Amino acid sequence: MLNHKLFAAALLAIATPLAFGHGAWVAERVDAPTIVYGHGASDESYDPEKITFVQTFDEHGQPVDIKLDKREKNAGFNADDAFTSVAVIMDNGFWTKDSNGKWHNQPKNEVEGAQSASHSVKIAFGITDHGDLPTIEALQELPLVILPQSDVMHSKLGDNIDVIVYHHGKPVADAKIIADYVGDSETVVATTDAQGKANLAVRNQGLNVIAASYKVDPPADEQEKADKVSYTTTLSFVNEHHEH
């Protein structure tokens, strides 16, 4: 017989809050795919020069060159740009917490009384239309990426889907997964297994933004500047379009 107390404890162990930082994801803004930066429901301005890598892909999962439209406070694409998925890297720089708990957008070696610091990197993989996804070999430029293992554009609210989290093209274990980064931005619902795989339920009938985080030691030339390199990555897609 199922021990309900143990079952409830197991659920709580999985669905626990985690202090995710800001993230980047791809969503439609004024009829065009846009790179959004924020935490949860916030949609914040940013310097588009922080976007250090963009690659769009066609319906066959092949790279296609489409120019990023860098605007005053964000960046995105034009409504008539033809692609079905896009990969993005945003380098958000170094963030250091001082002895008073205040955060500074500076390396650790430049902040008096520095307690901890990280190099914050945001990654986004957005599926914008139906088509084949690029292979993981085509996405190895991304330090962390979530790839669905089924056609999520045809998924529905409540469907279970498998995803794999890759770190520079290799599956990564123990990555924490948030199923609804916009609506419930700090509740972890799953952790990847040894093969980098996790199973979760689709949270929305509409825009879905799934997020994962992973930290690694900094390279030798950054060890004075940060304690960790902190990756936050998202997978975004809309599983229902309304026509008027």
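**A walk through the strands and cores**

Start at I66. Setting aside neighbours within four places in sequence, I66 is in contact (heavy atoms within 4.5 Å) with T56, F77, D81, A82 and F83. I66 lies in the loop between β5 (63-64) and β6 (69-70). Strands here are DSSP runs of E with at least two residues, helices are runs of H or I with at least four residues, and both are numbered from the N terminus. Now look across the model from I66 to K156. These two are 90 residues apart along the chain, and their C-alpha atoms are separated by 30 Å.

A word on the source. This is a predicted model, in which local features need pLDDT of at least 70 and side-chain atom pairs count only at pLDDT 80 or more, while totals for chains, interfaces and linings use all residues. Residues are numbered from 1 along each chain as its sequence is written, and side-chain values use heavy atoms, with hydrogens and water left out.

Next, the whole protein. It has one helix and 18 strands. Its C-alpha trace spans about 60 × 55 × 35 Å along the principal axes. The radius of gyration, taken over C-alpha atoms, is compared with a globule rule of 2.2 Å times the number of residues to the power 0.38. For 244 residues, a compact globule would come out near 18 Å, and the protein agrees because its value is 18 Å. Contacts between residues at least 6 apart in sequence were also sorted by separation. Of these, 60% join residues at least 24 apart.

How much of the protein is buried? Buried means under 20% relative accessible area, exposed means over 50%, and partly exposed lies in between (1.4 Å probe, protein chains only). By that rule, buried residues make up 44% of the 244 residues. The protein exposes about 12,700 Å², and carbon and sulfur atoms supply 49% of that area. Accessible areas come from the Shrake-Rupley method with a 1.4 Å probe, and for residues only the protein chains shown count as cover.

Charge comes next. There are 19 positive and 36 negative side chains, and the centres of the two sets lie 8 Å apart. Lys and Arg count as positive, Asp and Glu as negative, and His and the chain ends are not counted. Each charge is placed at NZ of Lys, CZ of Arg, CG of Asp or CD of Glu.

Now go inside. In soluble globular proteins, nonpolar side chains tend to be buried together. A nonpolar core here is a set of buried Ala, Val, Leu, Ile, Met, Phe, Trp, Tyr and Cys residues joined through side-chain atoms within 4.5 Å. The largest one has 36 residues, and those with the most contacts inside it are F125, L139, V145, V165, I177, I210 and L235. Several strands each supply at least two of its residues: β8 (85-98), β10 (114-127), β11 (145-148), β12 (160-167), β16 (197-201), β17 (207-216) and β18 (228-238). The largest share, five residues, comes from β12. Take V145 as one example. Beyond four places in sequence, V145 touches F125, I136, L139, I164, V165, Y166 and T233. Another core lies apart from this one, with 15 residues, among them A24, I35, L68 and V86.

L200 lies in strand β16. L200 counts as buried because its relative accessible area is 3%. V54 sits in strand β4 (residues 51-57). V54 is partly exposed, at 25% relative accessible area. Again leaving out residues up to four places away, V54 touches L68, F77, V86, A87 and V88.

D217 is in the loop between β17 and β18. D217 has 55% relative accessibility, so it counts as exposed. Away from its sequence neighbours up to four places off, D217 touches D227, K228 and V229.

D31 has a positive phi of about 70 degrees although it is not a glycine. D31 lies in the loop between β2 (23-29) and β3 (32-38), and is exposed at 59%. D174 also has a positive phi, near 65 degrees. D174 lies in the loop between β13 (170-171) and β14 (176-178), and is exposed with a relative accessible area of 54%.
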